[in-house]
Amino acid sequence: GTGENSDKQTVLVFAPHQDDEANMANAVMYSHAKQGDDVYVIMTFGVDNNNDGTDKQGLARLNQSAKNLECLGIPRSHLIYLGYEQHQHAAGLTDGQLKFNDLGEILRSDNTPYYTFSHPKQGFPSFHSKLYGEEYTMSEKHMLDDFVDVFKHYRPDVVYAVNYDGHEGHRWVASLVDQAFGIVKQTEGFENYCPRYYQSMS
């Protein structure tokens, strides 16, 4: 995308969890796909609060989202997985239940950092691993980095993002997407970048 009017547009939908993209933008995604736009869904989280290092729940959710996109005329390859594990972020950020190291990385019970999940054989490699060839440790800064890279990589003409609703995970993602857009706007080559930017409850 270029952020300018054109016949074919690049559309990004930022979703915290599987089903959020459908709740907030299913009809909009279908409309964009029907008119020939390239629609991508950025899926932030997979499994919830899991300490055993697996992402079976996340993969199942990805497949459900991919089937929904295919029903809308959007290829499953346009489901972009960030691969982060959902935690009670508000608790961790305010004091308590999550452990962090000096780099701000969230730690498992054995004090090793969480890494992004990736499912390349199933068509869902993590976005960071696609760009850089390795997984990313989980921290607020690294999630922000990923959102910035998403904006720069796809340079969307239209953005739909979750709004600041009652789900603290949604509010967290909404805040990081807003911050990422601000950072991109201050980046050389993006000074005049001005996509249409919408937020919606999920």
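**Note on the predicted fold**

1. The protein's secondary structure amounts to six helices and seven strands. Helices (H or I, at least four residues) and strands (E, at least two) are DSSP runs, numbered from the N terminus. From that end, the order is β-α-β-α-β-α-β-β-α-α-β-α-β.

2. On the basis of the model: it is predicted, local features need pLDDT of at least 70, side-chain atom pairs count only at pLDDT 80 or more, and totals for chains, interfaces and linings use all residues. Residues are numbered from 1 along each chain as its sequence is written, and side-chain values use heavy atoms, with hydrogens and water left out.

3. Burial comes next. The protein has 202 residues, and 50% of them count as buried. Buried means under 20% relative accessible area, exposed over 50%, and partly exposed in between (1.4 Å probe, protein chains only).

4. Look at contacts along the chain. Take those in the protein with a separation of 6 or more: 70% come from residues 24 or more positions apart. A contact here means heavy atoms within 4.5 Å.

5. Strand β6 covers residues 158–162 and is mostly covered, with five of its five residues buried. V158, Y160 and V162 point one way from β6. V159 and A161 point the other way.

6. β6 has pairing partners β1 and β7. Two strands pair if DSSP finds at least two bridges between them. Strand β1 (residues 10–15) pairs with β6 in the parallel sense, over four bridges. Strand β7 (residues 196–200) also runs parallel to β6, joined by five bridges. Opposite Y160 of β6 stands V13. In β7, its bridge partner is Y198.

7. Helix α5 spans residues 140–154. Its 15 residues, at 1.5 Å each, should span 21 Å, and the end C-alpha atoms are 21 Å apart, so the two agree. The expected span is 1.5 Å times one less than the number of residues. Buried residues of α5 include H142, M143, L144, F147 and F151. Just after α5, R155 takes a positive phi of about 40°.

8. Helix α6 (residues 168–185) passes the length check too: its 18 residues should span 26 Å, and its end C-alpha atoms are 26 Å apart. Among its buried residues are E168, H170, W172, L176 and F181.
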